[in-house]
Amino acid sequence: MLAIITGATKGIGRAIAIRLAKENIDIVAISSSKQNLRELQKVIQSTSKAICHIHQCDLTKPKARINLRKELSKYSEELTILVNNFGRYAVGSIEEITSSELLNNFDLNVRTAFEMSQIAAPIFKAKRAGYIFNILSVLAEKTRESAAAYTISKHAMNGLNKLLADELREFEVSVCGIYPGSVNTSSWDGLDIDRSKMIQPEDIAELIAQSLKLSKQLFLGRIDLNPLDKKI
Ligand SMILES: NC(=O)c1ccc[n+]([C@@H]2O[C@H](COP(=O)([O-])OP(=O)(O)OC[C@H]3O[C@@H](n4cnc5c(N)ncnc54)[C@H](OP(=O)(O)O)[C@@H]3O)[C@@H](O)[C@H]2O)c1
């Protein structure tokens, strides 16, 4: 088995990469930093028997994404799992942000997932097997005035998630939307907030790892998770 994970060097993506590697699933890790990727590769090599392939790519750059697409074609045969994790929070209400800021965040949060799904979906359909995990957010369904672009882009990604789930289900491909509240990752760096009460990225990774062990005829469409403390 082999899993492609976008944004794999930190936070949720990193936890998923390390956890799936422990299940002997080879990892294709994507991030913008070669240094971070090499560090992740070392960790995976020292904690599991899985191979960690690394691909440095600035996912905000269309040309880099085209090159990445070519590079990823060599994994078609072993590819079993796609984790669309890459995404970025953005602050600002509708009145405060420009339309280019909206499109920029939309590009980051939806386009990569869309393009990666375009790569994986035909492969999974042909194999009649495979898993796509889309890391969404509670803001894929709720709204937050102070994060308009993020709310809009995660709602759009929710649409992508639902489309993929509907389309691929009859091909025995599982598409699961993950809807976390606040997760203890570097996204919160610099903010004065008790991160110990947040969801830990390892919890999301564990849920994904366990979901792969469920019966094949089961369709797990979504995972909702929130901190126990409602104020977080
Ligand atoms: N944290 C939360 O509270 C929370 C809650 C709900 C949903 N989410 C969602 O969960 C997902 C992951 O969030 P996170 O908090 O785990 O993020 P994070 O800790 O900030 O990690 C982001 C990842 O993306 C990579 N990255 C950043 N810019 C990149 C670029 N231009 N090209 C390629 N890779 C890039 C980073 O690696 P490099 O720096 O090595 O490039 C890193 O691996 C996102 O979709 C987010 O919306 C997060």
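Axes here are lines fitted to C-alpha atoms, for helices over the stretch in contact, and angles between N-to-C directions run from 0 to 180 degrees. The model described with these terms is a predicted one.

On that basis, helix α1 (residues 11–22) and helix α2 (residues 34–47) pack with their axes 9 Å apart and at an angle of about 25 degrees. Angles under 35 degrees count as roughly parallel, and α1 and α2 are therefore roughly parallel to each other. Their crossing is right-handed. On the α1 side the contact is made by R14, A17, I18, A21 and K22, and on the α2 side by L40, V43, I44 and T47. Sorted by class, this contact of α1 with α2 has 6 nonpolar, 1 polar and 2 charged residues.

Helix α1 also meets helix α6 (residues 201–211), where the axes come within 8 Å and cross at roughly 45 degrees. The two helices α1 and α6 are therefore oblique to each other. This crossing, too, is right-handed. From α1 the contact takes G11, I12, A15, I16, R19 and L20, which meet P201, E202, I204, A205, E206, I208 and A209 of α6. The residues in the contact of α1 with α6 divide into 9 nonpolar, 1 polar and 3 charged.

The next element is the sheet. Strands of a sheet pair through backbone hydrogen bonds, either parallel or antiparallel. In this model 7 strands form an open sheet, with parallel pairing and the order β3-β2-β1-β4-β5-β6-β7. β3 (52–56) and β7 (222–225) stand at the edges with a single partner strand each, so one side of each has no neighbour in the sheet. From one strand to the next, the twist averages 15 degrees. Within the sheet, strand β1 (residues 2–6) runs parallel to strand β4 (residues 79–84) and is joined to β4 by 4 bridges.

α1 lies across β1, β2 (26–31), β3, β4 and β5 (131–135), and runs at about 170 degrees to β1. Helix α5 (residues 148–169) packs on the sheet as well, touching β5 and β6 (174–180), and its direction makes about 155 degrees with that of β6.

The ligand remains. It is surrounded by 26 residues, of which G7, G11, S32, G87 and T185 are the closest. Helix α1 gives the most to this shell, with 3 residues. By class, the shell around the ligand has 16 polar, 8 nonpolar and 2 charged residues.

Conventions
Residues are numbered from 1 along each chain as its sequence is written. This is a predicted model: local features need pLDDT of at least 70, side-chain atom pairs count only at pLDDT 80 or more; totals for chains, interfaces and linings use all residues. A residue is near a molecule or strand if its C-beta atom, placed from the backbone, lies within 6 Å of it. Ala, Val, Leu, Ile, Met, Phe, Trp, Tyr, Cys and Pro count as nonpolar, Asp, Glu, Lys and Arg as charged, and the others, Gly among them, as polar. Angles under 35 degrees count as roughly parallel, over 145 as roughly antiparallel, 65 to 115 as roughly perpendicular and the rest as oblique. A crossing is left-handed if the near helix is turned anticlockwise from the far one by less than a right angle, and right-handed if clockwise. Two residues are in contact if their C-beta atoms, placed from the backbone, lie within 7 Å. Two strands pair if DSSP finds at least two bridges between them.
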